Amino acid sequence: MNVNKESNIYGLMAEFDNPTAVVVAAKKAHEAGYRKMDAYSPYPIEELSEAIGFHSNRVPLIVLVGGLAGLFAGLGLQIWTSAIEYPLNVGGRPLISWPAFVPVTFEMTVLLAAFGAVLGMILLNGLPRPYHPVFNAPRFELASRTHFFLCIEAEDAKFDLGETRKFLESLGANEVTDVEK
Amino acid sequence: MADAMKQTGQEASNAAYGPPPVIGPGHTFASVTEKIASIVLRKGTKRGWMVGFGLSFLGMLMMLNTITYLVFKGIGIWGNNTTVGWAFDIINFVWWIGIGHAGTLISAILLLMRQSWRTSINRFAEAMTLFAVACAGLFPALHTGRPWLDYWLFPYPNTMGMWPNFRSPLMWDVFAVSTYATVSALFWFIGLIPDLATLRDRATSKIRKVIYGMLALGWRGSTRHWSRYETAYLLLAGLSTPLVLSVHTIVSFDFSIGIIPGWHATIFPPYFVAGAIYAGFAMVLTLGIPIRKYYGLDDFITNRHLRNMAKVMLATGLIVGYGYAMEAFFAWYSANTYEAYMYKNRTTGPYWYIYWLLILCNIAVPQLLWIKKYRESTVMLFVISMFINVGMWLERFVIIVTSLHRDFLPSAWTMYTPTVFDFTMFFGTIGFFLTLMFLFIRILPMISIYEMRTMVPEAKLKSEAHASPDKPAMPPAGGPQESPA
């Protein structure tokens, strides 16, 4: 019975009503050795992602790759069309008239870098994802408004339904609830 | 970023001598969420909105009718002629795109400069950017004469075996404006995602939950997501900043690369960019003052916001004035007959009154902003911003029409008179723009809710959250087993 119940559990969700409490709780959970956890807040809190041990992300790398792709695609397109595929001889001026190619190259760089930032962020975040187990937590709709949540996931090596619940309650949570898958 | 913003807000409210706060006193997470979301989620629609939307929609219908007639008859229905080949179409294009620039300036440049007062105006300024660019794009697209072939402007392999000429500033324009529109839309949408999640969670009707839920992409406020989100948002701001400067620079290249006296000047790029910001802030005030009044948003769009915008207008207005002065100086200093004639024709020629009206609207009237009393008065700010809106339109008329109508060949000299369709098209786009604005303030949060949450006093972390990890409040060895129940 207990095993069955536990296998159907995504994790334990603790609710907090102020940002300081959730940051402190996340730090303590990290110090206690929990790793598979996530915190939820209605606005970005840098200290909170630091507290759960999430220090850097790969969005800037994707932006760089996007920007370079745009740069070479923009410049390459103009050189190829203007000098190779459709050369226009205007009074013997050079076909690869690179200063005239700067604006379009620049715009293409910005365009693909911006797509890199947006799509990189969305895809790395695993979105769009309309259904997620954390939405099953009661009162979780407050995570987008006024309240702060810390969820320790059942997949964590240290996770134990009873002990983890006690631990979360000790952190000053308003309420600790099971989150079903 | 958020941290810096909320610290600034906090310091502002604590320091007695500092600038006044960017949010009214007594607000909490719940109150800012409630106030902004309820404008969107209320049942029924206010009568004032219906009237405003109805009038704007009539304007939009006028535009659609004009476009339909134009597609049937050709651009001969406009007043353009062989000498003045660019007229209202390009004036309106430059006017609208300039208006859009303030939105990006507020959302990107002020973000990078950590100006916390941008938070409550960036969302609707960005919406204004998008809608202004939509209006702007219509004009050159229709001015091609055969708008159904506009896709020829894009480089794609075709059976004609031809490619666009990338050495032409008009091609640069295609890339600049379409990139600008796309990046502005991305920036706007990214900013909306967390607020769409708030609306999804707060909505009571099923249909709203589903629509906002789909648009929110399943956003759940995970701190890992926020971390990537903040990075992406900051990088987008960093990309938009040079982008917005490049767009109006390239728009000015449409003129300055040409050899027409009055266009062929190196001052054009900076002077156009300053003019764009000037016009854009005027439009933000024109829209913001009535919206703030109508929806009672004085706590979020405070007098400090209006005052700061007035100061930006004053500064950029002076740069624009410097641009006008330099045009006069070049006309004299270049010792070029055509340049000198161009300036004489502007100030004393057949369109002299347009030039002097422009000086009145753009240079003389805005000097009132030096006086504190007028910066504090919403009525005066609204009136001055209307003057600037008109003045910036006249500026483009002066640059385009008075430069063209006196050609190098006196036999080609002519006058330009707009027709009724020039006006129905222009006022029609204002209707189109306002229609989109009305829809926006009804169905999407016009102030960024999540960013406003970072401004309230509740958001300030107490010192224990900053405690050094070396001295944990609870020994790590303790773990869950030893913790008191």
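This is a predicted model: local features need pLDDT of at least 70, side-chain atom pairs count only at pLDDT 80 or more; totals for chains, interfaces and linings use all residues.

On the surface of chain A, the residues A:L61, A:L64, A:V65, A:L68, A:L71 and A:F72 form a nonpolar patch. Together they have about 580 Å² of accessible area. One of these residues, A:L61, is located in helix 4 of chain A, which covers residues 59-85. A:L61 has a relative accessible area of 51%, so it is exposed, since the word applies to values over 50%.

Now for the part you asked about. How many residues of chain B are in contact with chain A? There are 72 of them, and they touch 76 residues of chain A. The size of an interface is often given as the accessible area lost when the parts come together. Here, the area buried between chain B and chain A is about 6700 Å², and carbon and sulfur atoms give 68% of that area.

Polar groups also have a place in this interface. Between chain B and chain A, 22 residue pairs are in polar contact, counting pairs with both residues at pLDDT 80 or more. The rule also finds one salt bridge across the interface. The partners are B:R224 and A:D38, whose closest N and O atoms are 3.6 Å apart.

Which helices of chain B supply at least two residues each to the side that touches chain A? They are helix 1 (2-14), helix 2 (29-41), helix 6 (169-202), helix 8 (223-256), helix 16 (449-453) and helix 17 (479-482). Helix 8 of chain B gives the largest share, with 17 residues.

B:L217 sits in the loop between helix 7 (206-215) and helix 8. Its backbone has a positive phi of about 60°, although B:L217 is not a glycine. With a relative accessible area of 14%, B:L217 is buried.

Compare that with B:A335, in the loop between helix 10 (303-333) and helix 11 (337-348) of chain B. B:A335 is not a glycine either, and its positive phi is about 55°. Is B:A335 buried or exposed? It is exposed, because its relative accessible area is 69%.

B:I106 belongs to helix 4 of that chain, residues 88-112. Its relative accessibility is 0%, so B:I106 counts as buried. Apart from neighbours within four places in sequence, B:I106 is in contact with B:L111, B:R118, B:I121, B:N122, B:A125, B:F281 and B:V284. By contrast, the C-alpha atoms of B:I106 and B:Y156 are separated by 35 Å, with the two residues 50 apart along the chain.

Leaving out neighbours within four places in sequence, its contacts are B:M62, B:M63 and B:T66.

Finally, return to chain A for a backbone detail. The peptide bond from A:L127 to A:P128 is cis, with omega near -5°. You can find A:P128 in the loop between helix 5 (98-124) and strand 3 (148-153) of chain A.

Terms used: Residues are numbered from 1 along each chain as its sequence is written. Chains are lettered from A and ligands numbered from 1 in the order in which they are written. Side-chain values use heavy atoms; hydrogens and water are left out. Patches are made of residues with over 30% relative accessible area and no salt bridge: like charges are joined within 9 Å, nonpolar side chains (Val, Leu, Ile, Met, Phe, Trp, Tyr) within 5 Å. Accessible areas come from the Shrake-Rupley method with a 1.4 Å probe; for residues, only the protein chains shown count as cover. A salt bridge is a side-chain nitrogen of Lys or Arg within 4 Å of a carboxyl oxygen of Asp or Glu. Helices (H or I, at least four residues) and strands (E, at least two) are DSSP runs, numbered from the N terminus. Buried means under 20% relative accessible area, exposed over 50%, partly exposed in between (1.4 Å probe, protein chains only). Contact means heavy atoms within 4.5 Å. Buried area is the accessible area (1.4 Å probe) that two parts lose on being put together, summed over both. A polar contact is a pair of N or O atoms within 3.5 Å; within protein, one must be able to donate a hydrogen and the other to accept it, and residues adjacent in sequence count only if both atoms are side-chain atoms.
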